[in-house]
Amino acid sequence: MADHRYDPKQIEPRWQQVWADERTWHVGNDDVPGERSYVLEMLPYPSGEPHIGHLKVYSVGDAVAHFHRRTGRRVLHPMGYDAFGLPAENHAIRTGQHPRDSTNASIEQFQRQFREWGISIDWDREFGTHEPRYYRWTQWIFLKLFEAGLAYRKEAAVKWCPNDQTVLANEQVVDGRCERCGHEVEVRQLEQWFFRITDYADRLLDDLETIDWPANVKTMQRNWIGRSEGAEVVFRCEDLQIDYPVFTTRPDTLFGATFFVMAPEHPDVLRLVEGTDRADEVHRYVNHALNESNQERGAADKPKTGVFLGRHVTNPVNGERLPMYVADYVLMEYGTGAIMAVPGHDDRDFAFAQAHDLPVRRVIEGGDGELPYLGDGPLTDSAPEFDGMGNREALGAIVDWLAGEGKGRPSVNYRLRDWLLSRQRYWGCPIPIVKCERCGLVPVPEADLPVVLPDISDYAPRGRSPLAAAEDWVAVACPSCGEPARRETDTMDTFVDSSWYFLRYCDARNDEAAWDPAVLAEWMPVDQYIGGVEHAILHLLYARFFVKALKDLGYLGVDEPFARLFTQGMITKDGAKMSKSKGNVVSPQAIVERYGADTARAYILFIGPPEHAADWSDEGVEGVHRFLARLWRLAAEAADGGQLPAGELTAPSGLEGADLAVARKAAWAIDKVTRDMSGRFAFNTAIAAVMELTNEVSRLRDDAAPEVRRFALAVAASLLFPFAPHVSADAYSRLTGRRVWEEPWPQADPTLLERDVVQIVCQVNGKVRERVEAPADASSDELLALCRAAPNVQAHLDGREVVKEVVVPGKLVNVVAR
RNA sequence: GCCCGGGUGGUGGAACGGUAGACACGGGGGCCUCAAAAGCCCCUGCUCCUCGCGAGCGUGCGGGUUCGAGUCCCGCCCCGGGUACCA
């Protein structure tokens with residue numbers, strides 16, 4: 001007999017070769033009828049080599065893709081690279097190596113490893129976002145958004161990272177620090193490019209209802225958009241004849257306002273005190289507040305500081321004069337940069353009032369008498385027509401009254417800001433705009449796209465894009481008037497590149513257009529999107545915005561890019577995030593080298609539910625490897641004696657004893673794995689079921705029927721294929737002479753799923769006292785009789801009165817006794 | 001503070017309101033072998049005893065609903081993540 005040693009180094013390259021030679025995973029855009037499925041994992045940023053997180057996300061995605069294919073769908077499962085970005089550029093600054101070269105080298109690493117992992121990718125659709133044939137269309141989309149007024153330039157207070165020497169979008173500032181490098185960000189007043197994502201705030205919010213995403217991701221997006229309903233109320237400063245609107249969610253508390261506060265950045269603060277004796281003090285305060293870091297200023301528990309402006313505004317509901325303050329707890333970015341302060345019913349206003357000896361007034365009854373009171377209740381001490389009215393009802397009534405007087409109106413405010421997309425860096429997609437002194441901002445004509453990123457020698461950022469130094473490139477004739485003009489030298493945020501790549505995959509080789517809308521209609525939306533929860537706000541919000549905007553412009557027909565989202569948990573080592581500095585990095589390449597790709601993939605899916613974080617265990621890998629080796633060896637040995645007959649994979653007939661039990665186990669495994677893969681991604685229990693089946697086969701005695709052994713092993717291999725494709729393909733091929741990926745998903749024979757004898761649990765007062773065998777179709781009375789006859793049940797019923805009997809057919813009998 | 005997750009053996013984890021701990025790791029014992037590796041077999045939640053087809057306890061804590069609760073409800077504690085002066 002041949003030497004049957006499981007050797008992934010032999011098996012894996014052989015099948016990879018077949019898949020590459022035959023372009024097995026390619027799917028055309030041909031108008032073939034039948035169900036389609038678009039399975040997509042978030043595209044990788046190619047830096048160095050793939051890490052363990054990549055192994056996980058593509059193992060999960062590949063399992064889904066294979067399952068969809070085997071259950072009769074045409075599956076689009078492409079791959080690409082998010083290839084622009086700062087790490088490559090910073091590397092270039094240190095070494096002088098062109099970012100394109102280091103990026104392409106990384107991409108080759110990724111390609112090689114994806115092939116070695118056996119991921120079923122349609123390589124014919126591959127691209128990197130840094131390739132002109134791709135970013136040509138990124139620029140085209142930018143122009144379409146520009147034409148529609150959705151991309152615009154404005155001067156604003158923006159977040160600046162002094163380390164990366166570029167501006168950042170709000171989403172890229174985490175705890176006052178740069179999301180990428182961790183450096184504390186500053187605020188600068190600069191003119192920048194923005195996308196008008198705030199126009200879509202309501203739709204981005206409302207359409208969350210229509211997509212099947214994890215609740216926590218939806219919640220994070222809702223919070224980020226931060227819609228609040230309330231009213232805009234106008235407070236007039238009579239001294240200077242200026243109206244100051246404020247946004248409030250609590251117009252019901254208007255009668256409790258006792259002072260008025262402006263943000264230090266508010267443009268009118270200095271004007272209000274000009275030439276007064278308060279000017280010096282206010283100047284000092286504002287300067288101090290502006291120089292304070294975001295971190296310090298952002299702390300909610302910080303004492304409430306502020307300065308009186310020496311001016312007053314009039315409360316529109318009762319004509320009271322309220323003192324005006326400047327205080328850093330009011331933010332310029334939100335609302336109008338000014339607030340009415342109601343210390344009786346707001347924590348922060350209360351804290352400020354305490355610190356500055358301002359009156360606190362109760363206008364809503366309730367609570368235990370303590371102020372501030374944040375709950376609901378009837379109005380008091382407000383106005384005769386509102387007193388006694390529930391505050392929720394009063395809220396509307398007061399807004400109506402204000403609207404009638406022209407002093408306010410219902411209003412909605414969002415936390416979401418427009419997306420700042422320009423970056424003062426080199427390695428990104430050039431913004432296709434020419435700045436002409438005469439014509440202003442002129443779009444580059446579509447026929448001239450792409451605006452190709454020029455090669456430069458000095459990548460160092462100096463507060464402006466390194467592109468600004470490429471004089472030959474910058475100097476250009478204005479497309480509109482022909483006079484000398486200059487190119488926009490900022491590049492786009494790399495999140496722009498990844499906001500539409502899933503559209504390009506559908507029609508990746510189209511040189512005439514970004515895509516053919518008819519082709520897009522065949523594939524979009526993505527049926528199953530898979531990635532890390534760290535993109536819950538950034539990428540996933542931006543991509544949704546792009547799809548909605550492009551739909552409005554008539555280029556596609558869907559409202560949402562990703563119908564179903566799955567977020568996988570992190571892989572840790574020794575309970576901690578893997579990092580070079582901790583020295584706890586597990587390299588996928590080392591694992592694949594040692595155990596093979598199948599072991600690495602199957603282990604990462606077996607370790608636990610894929611949505612949970614999981615800790616890597618070297619011993620656990622060994623266990624999965626042993627399992628694959630055992631399955632393969634059993635299959636190879638069983639195939640020595642012959643193959644299964646051609647045709648459908650069905651159990652031999654006329655089985656009995658252990659042979660029948662194995663056939664039943666196979667049917668059970670088919671059913672179990674199918675269920676685990678259908679509704680949820682319970683890969684861990686699916687693999688456990690195949691393990692159980694394999695264990696049962698390995699316990700068969702030598703005189704077992706060879707066909708049932710082959711059948712059960714072929715079922716095991718077939719079910720395992722989505723998780724460990726090479727070893728499964730190899731085992732299946734030996735057992736059947738056929739290619740498992742061309743086989744339909746196995747069907748469980750219903751007659752084998754049924755049992756004629758079942759085990760019945762006998763309980764007395766809810767405690768298990770005995771287990772008995774009973775015919776599966778036994779009646780309740782029969783089951784009851786069987787259980788009451790059981791010795792241990794009788795022992796526990798001895799001398800007691802039976803008060804109730806519960807029978808769950810096929811399962812259990814519970815006798816309740818006193 | 002608020003919003004999500006999550007607390008089950010030595011470990012990762014299983015369990016439509018119905019046998020808690022599938023599967024795997026680790027551990028113990030055995031077979032094979034000159035020996036080892038590999039492989040195979042058995043045992044493995046805790047406690048007690050009369051050692052059995054035994055009894056009791058056991059899913060973070062305290063209550064509740066139910067014939068029956070890891071699972072549902074109420075009140076807490078702890079851990080992880082997100083978010084935070086957003087008016």
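Trainee: Is R788 buried, partly exposed or exposed, and what is its relative accessible area?

Mentor: In this predicted model, local features need pLDDT of at least 70, side-chain atom pairs count only at pLDDT 80 or more, and totals for chains, interfaces and linings use all residues. Side-chain values use heavy atoms, with hydrogens and water left out. Buried means under 20% relative accessible area, exposed over 50%, and partly exposed in between (1.4 Å probe, protein chains only). R788 is therefore partly exposed, its relative accessible area being 33%.

Trainee: Which residue forms a salt bridge with R788, and how far apart are the closest N and O atoms?

Mentor: A salt bridge is a side-chain nitrogen of Lys or Arg within 4 Å of a carboxyl oxygen of Asp or Glu. The partner of R788 is E805, and their closest N and O atoms are 2.6 Å apart.

Trainee: Where do E805 and R788 lie, and how many residues separate them?

Mentor: Helices (H or I, at least four residues) and strands (E, at least two) are DSSP runs, numbered from the N terminus. E805 belongs to strand β31 (residues 802–808) and R788 to helix α26 (residues 780–789), so the pair links distant parts of the chain. Their separation is 17 residues.

Trainee: Which residue forms a salt bridge with R203?

Mentor: R203 is partly exposed, at 28% relative accessible area. The closest N and O atoms of the pair are 4.0 Å apart, and the partner is D559.

Trainee: How many salt bridges does the structure hold?

Mentor: One network of salt bridges links R153, E191, K435 and E488. The total for the structure is 52.

Key
Residues are numbered from 1 along each chain as its sequence is written. Chains are lettered from A and ligands numbered from 1 in the order in which they are written.
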